[in-house]
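I opened this entry to keep track of what I looked up in one structure. The sequence and the model come first, and my notes follow.

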Amino acid sequence: MKSNDNEIVVKESRCNHRSNHLDPFDWAGGRVLLTKKWLIFRFNSLNFRNQEHSMPLEDIASIQAKHSDFISNKFTILLRNGSIAEFRVPKRKDWLKAIEQAMKEMKKQHGEDWNSSTTDFLIPKKSINWYIKVAIQVIFLALCVSILSFILQMLLF
């Protein structure tokens with residue numbers, strides 16, 4: 001799947017991309033580009049891989065931004081063929097809106113009615129449980145740091 005280089009880029013930014021969601025070390029840096037028909041990831045020169053990953057927007061089955069990271073900027077794309085791609089981008093909500101808008105315009109050009117239920121865009125609201133979990137994590141981290149600093153002070157003096 002190779003994109004047409006003559007396409008107009010709608011949105012572009014730096015990005016980390018993981019094409020194998022089962023491998024936690026598969027993240028690669030580069031740039032992500034959104035055109036009117038494609039979502040393209042291009043590796044930067046620091047990676048061993050140099051080919052681009054391109055996916056047509058019409059193949060996107062769902063986009064999920066439902067992750068429990070403390071400060072999450074990741075979204076996951078599930079394609080109709082079952083493959084999964086993950087992206088970490090700045091301003092994730094802007095990216096999701098841009099992808100949804102590009103898909104809407106593409107469907108309109110093909111004469112199809114846009115039905116957002118055919119593509120699942122999930123940006124959940126954070127519940128009170130999420131905030132409690134994050135607060136507990138922060139308190140635990142602060143406690144660990146203070147214990148370690150106390151131990152270091154005892155060893156050094």
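**Aromatic pairs**

I looked up Phe-41 and Phe-43 first, and both are buried (under 20% relative accessible area; over 50% is exposed and in between is partly exposed, with a 1.4 Å probe and protein chains only). I note that this is a predicted model, where local features need pLDDT of at least 70 and side-chain atom pairs count only at pLDDT 80 or more, while totals for chains, interfaces and linings use all residues. Residues are numbered from 1 along each chain as its sequence is written, and side-chain values use heavy atoms, with hydrogens and water left out.

How many aromatic pairs does a search of the whole structure find? I found two. Rings of Phe, Tyr and Trp (its six-membered ring) pair if their centres lie within 6.5 Å; planes under 30 degrees apart count as stacked, over 60 as edge-to-face and the rest as tilted. Phe-41 and Phe-43 make an edge-to-face pair, with 5.0 Å from centre to centre and 85° between the planes. Phe-75 and Phe-87 are stacked, because their ring centres are 5.4 Å apart and their planes stand at 25°. This pair links distant parts of the chain, since Phe-75 is in strand 6 and Phe-87 is in strand 7, 12 residues apart. I also checked accessibility: Phe-75 has 0% and therefore counts as buried, and Phe-87 has 1% and so counts as buried too.

**Overall make-up**

I listed two helices and eight strands in the protein. Helices (H or I, at least four residues) and strands (E, at least two) are DSSP runs, numbered from the N terminus. From the N terminus on, the order is β-β-β-β-β-β-β-α-β-α. The protein has 157 residues, and 33% of them are buried. Its accessible surface is about 10700 Å², with 57% belonging to carbon and sulfur atoms; such areas come from the Shrake-Rupley method with a 1.4 Å probe, and for residues only the protein chains shown count as cover. I then looked at contacts (heavy atoms within 4.5 Å). Among those between residues at least 6 apart in sequence, 47% join residues at least 24 apart.

**Strands 1, 6 and 7**

Strand 1 and strand 7 (residues 84-88) run antiparallel and are joined by three bridges. Two strands pair if DSSP finds at least two bridges between them. Strand 7 also pairs with strand 6 (residues 74-79), again antiparallel, over five bridges. Leu-78 has Ile-84 as its bridge partner in strand 7. Four residues lie between the strands in the hairpin of strand 6 and strand 7, where Gly-82 takes a positive phi near 95°.

Is His-17 buried or exposed? His-17, in strand 1 (residues 9-18), has a relative accessible area of 3%, so I wrote it down as buried. Its bridge partner in strand 7 is Phe-87. A polar atom of the His-17 side chain lies 3.2 Å from the backbone oxygen of Glu-86. Not counting residues up to four places away in sequence, His-17 touches several residues, including Trp-27, Phe-41, His-53 and Phe-87.

Arg-18 is also placed in strand 1, and its 10% relative accessibility is why I counted it as buried. Its side chain makes a polar contact of 2.4 Å with the side chain of Glu-86. A polar contact is a pair of N or O atoms within 3.5 Å; within protein, one must be able to donate a hydrogen and the other to accept it, and residues adjacent in sequence count only if both atoms are side-chain atoms.

Arg-14 lies in strand 1, but its 57% relative accessibility means that it counts as exposed. Leaving aside neighbours within four places in sequence, Arg-14 is in contact with Gly-30, Arg-31, Arg-88, Val-89 and Pro-90. From Arg-14 to Phe-41 I noted 27 residues in sequence and 9.5 Å in space, C-alpha to C-alpha.

**The core**

Which residues touch the most other members of the largest nonpolar core? I noted Leu-39, Leu-57, Phe-75, Ile-77, Phe-87 and Ile-99, out of 25 residues in this core. Helix 1 gives the most to this core, with seven residues. A nonpolar core is a set of buried Ala, Val, Leu, Ile, Met, Phe, Trp, Tyr and Cys residues joined through side-chain atoms within 4.5 Å. Ile-99 is in contact with Leu-34, Leu-39, Leu-57, Ile-60, Ile-63 and Phe-75, leaving aside its neighbours within four places in sequence.
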